[in-house]
Amino acid sequence: ICGEKEDYSPLIRVIGRVFSSAEGLVQSFRRSKPHTKEELKSLQGKDEDKDEDEKEAAACSTAAMEEDSPTSSSSSRLGECSSGENDVQKLAPDEVSVDIEAVRRVYERLLSNDKIEAAFLNALVYLSPNVECDLTYHNVYSRDPNYLNLFVIVMENSNLHSPEYLEIALPQFCKAMSKLPLAAQAKLARLWSHYSAEQIRRMVETFQQLITYKVISNEFNSRNLVNDDDDAVVAATKCLKIVYYANVLGGDLDMEHNEEEDEEPIPESSDLTLQELLGEERRNKKGPRVDPLETELGIRTSDCRRPLIPFEEFVNEPLNEVLEMDKDYTFFKVETENKFSFMTCPFILNAVTKNLGLYYDNRIRMYSERRITVLYSLVQGQQLNPYLRLKVRRDHIIDDALVRLEMIAMENPADLKKQLYVEFEGEQGVDEGGVSKEFFQLVVEEIFNPDIGMFTYDEHTKLFWFNPSSFENEGQYTLIGIVLGLAIYNNCILDVHFPMVVYRKLMGKKGTFRDLADANPVLYQSLKELLEYEGSVEEDMMITFQISHTDLFGNALMYDLRENGDKIPVTNENRKEFVAQYSEYILNKSVEKQFKAFRRGFHMVTNESPLKYLFRPEEIELLICGSRNLDFLALEETTEYDGGYNRDSRIIKEFWETLHSFGEEQKRLFLQFTTGTDRAPVGGLGKLKMIIAKNGPDTDRLPTSHTCFNVLLLPEYSTKEKLRERLLKAITYAKGFGML
């Protein structure tokens, strides 16, 4: 009708009336019956094959219906096309009473006209404050769950991320949406989990665009924090959380294979804590924090094998750059009402920012343990011991370290949360971080030596795995778990090579067939071929449910996957069960004792840490092992100079030319010599604060370093050749600590 007359003003007036009224919009686009499963599948962006006539009919019928009764109220007008207001009781948890396909057809038809789009924009500006008020003060969702329809309809607008919306309309709408109660957020997440990856991505881009726009257009600093609860950035982040969980729910979920919790709790310190001495309850006794929306939905991020869109797309780099992490961590711990912590939405933070949050948590816990020790020394006259001191002999490092840690774990596990202080017997080095780095490296080298037999090494994958037939007792594996936890706690990087399944298991997920792909690729390929084999498995392969593997000495050991497994042939019908049970044995059952002890040690140090809350398994690997990618150009960009050197000094230019000419192994030796580890920290070498300081004029002395502070002391050698020769000798033969 409007197209024929070329006069869209009646349609614009109707859109204004309906889309600016919460009551009117809630009653619009109502279905006559709930979605079927087939219809939910059709929500995944398959409207393209609808013919143009159908879209036009849907759009114009809406307009025509409005024009028939222009004087009536929007609710009574639109109520005619509703099937009744109480349908919601019959709906499943992931269903709403909106005809989403009809909404999409209308938007697709109308948004191509600029004048009509302006009507949608203006209506949203008018609608949002009223919706925010309804949700904040009138508890409207609990009275009418159909109120959620409003958000479903508005979020179908594919132009929400366009510049016109970013200034006023979208920020106001996000603030309204962030006021939704938990049950409503969960329902939205369940509904959107049926959407296609493209539609999830569109919603992510909408909220990300708003966050980026607000961050760039405002001057955020330590006085003007991005954390203010009424800010559009916070509101958009809360909305993005709903889409994040929809992305998890809609992905490839594995809800079944969960590791059993430790049967006996991790021993608490027998002594009173500082809070208890002061008459306060211990804050973290309830265990690690869990997101309320995660609890409501009954899932964890670690349950998701492959999300609809990659998790990396939820990270907002501009926000990470302006975030004052020390303040954000404070809000995370104190949980103030008017300040929001982005640590409660870890998906939006990159690994570097999260690592900083974890660093603050670890340091504050160390200071807390130190204060407790001081208090005891004053009250009870105990000897002051504010650090976790380890005095070790370089030649007996495993014996000395593990015996001492075992005593601490038995007597007072809380001492493991003190700051680590390592001293090598007969050496003068003072531990400001560098001695600890070398200690961890030497311990890891010893423990993972295949000759000791605690771990097996795969030459093909270059990865270690628990030795199922190890002679070592469980206590030894507990101590290795403690060492791994201490490395995270003390911000040290370890040269540890585990398959990803180990980190998944630490996060509470069992290993499955898919985890064999990197843990044991040869076995994975064999089992995959078994599953895909088109002939008769029983006749051609003659496999039974009895498998064999070799022990430490190369002897074959037999294991029945089922009772009397040697008499049960693998057939085309039961091969999936065979593969599942084979994987279960290799990754879980065969190493159950060893891994449980290892995990127990790890949790002794990290049980009160937000580690599980903040990080995914692949990020925990990055946290423990650092980055394998060594970008020395990034290191050159961020290096500082002292003692008379600067970026343009002759010796500095020759130094970088020399270093860039080194091979991969020599570069790793240089890193080891200067920083105490041959790995890059989280975020790459650009995050390493290295200093090159002048150490006198030309001399025959070798370069030296303070590994605690990443300082290289470099004499001003007369020639480039001499520089290269002295530097190579220093990094190749460096071992031990002394006082300079």
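Me: Which residue in β12 does Lys694 stand opposite?
Reply: Lys694 stands opposite Leu714 there. Keep in mind that this is a predicted model, where local features need pLDDT of at least 70, side-chain atom pairs count only at pLDDT 80 or more, and totals for chains, interfaces and linings use all residues. Residues are numbered from 1 along each chain as its sequence is written, and side-chain values use heavy atoms, with hydrogens and water left out.

Me: In what sense do β10 and β12 pair?
Reply: Parallel, over 4 bridges, with β10 at residues 691-694 and β12 at 711-714. Strands here are DSSP runs of E, at least two residues long, and helices are runs of H or I of at least four, numbered from the N terminus. Two strands pair if DSSP finds at least two bridges between them. Ile692 has Leu712 of β12 as its bridge partner.

Me: And how do β11 and β12 run?
Reply: Antiparallel, joined by 3 bridges. Leu712 in β12 is the bridge partner of Ser705. The hairpin of β11 and β12 has 4 residues between the strands, and Asn710 takes a positive phi near 55° in that hairpin.

Me: What's the strand order in that sheet?
Reply: β9-β10-β12-β11, an open sheet of 4 strands with mixed pairing. β9 (640-642) and β11 (704-706) are the edge strands, each pairing on one side only.

Me: Are the residues on the two faces of β12 buried or exposed?
Reply: Buried on both: Val711 and Leu713 cover one side, Leu712 and Leu714 the other. Buried means under 20% relative accessible area, exposed over 50%, and partly exposed in between, using a 1.4 Å probe and protein chains only. Across the protein, 52% of the 740 residues count as buried.

Me: Switching to helices: at what angle do α2 and α8 pack?
Reply: About 25°, with the axes of α2 (residues 9-19) and α8 (residues 114-137) 8 Å apart. That makes α2 roughly parallel to α8; angles under 35 degrees count as roughly parallel, over 145 as roughly antiparallel, 65 to 115 as roughly perpendicular and the rest as oblique. Axes are lines fitted to C-alpha atoms, for helices over the stretch in contact, and angles run from 0 to 180 degrees between N-to-C directions.

Me: Which residues of α2 and α8 make the contact?
Reply: From α2, Leu11, Ile12, Ile15, Gly16 and Phe19; from α8, residues including Ile116, Phe120 and Leu127. Contact means heavy atoms within 4.5 Å.

Me: How many helices and strands does the protein have?
Reply: 35 helices and 12 strands.
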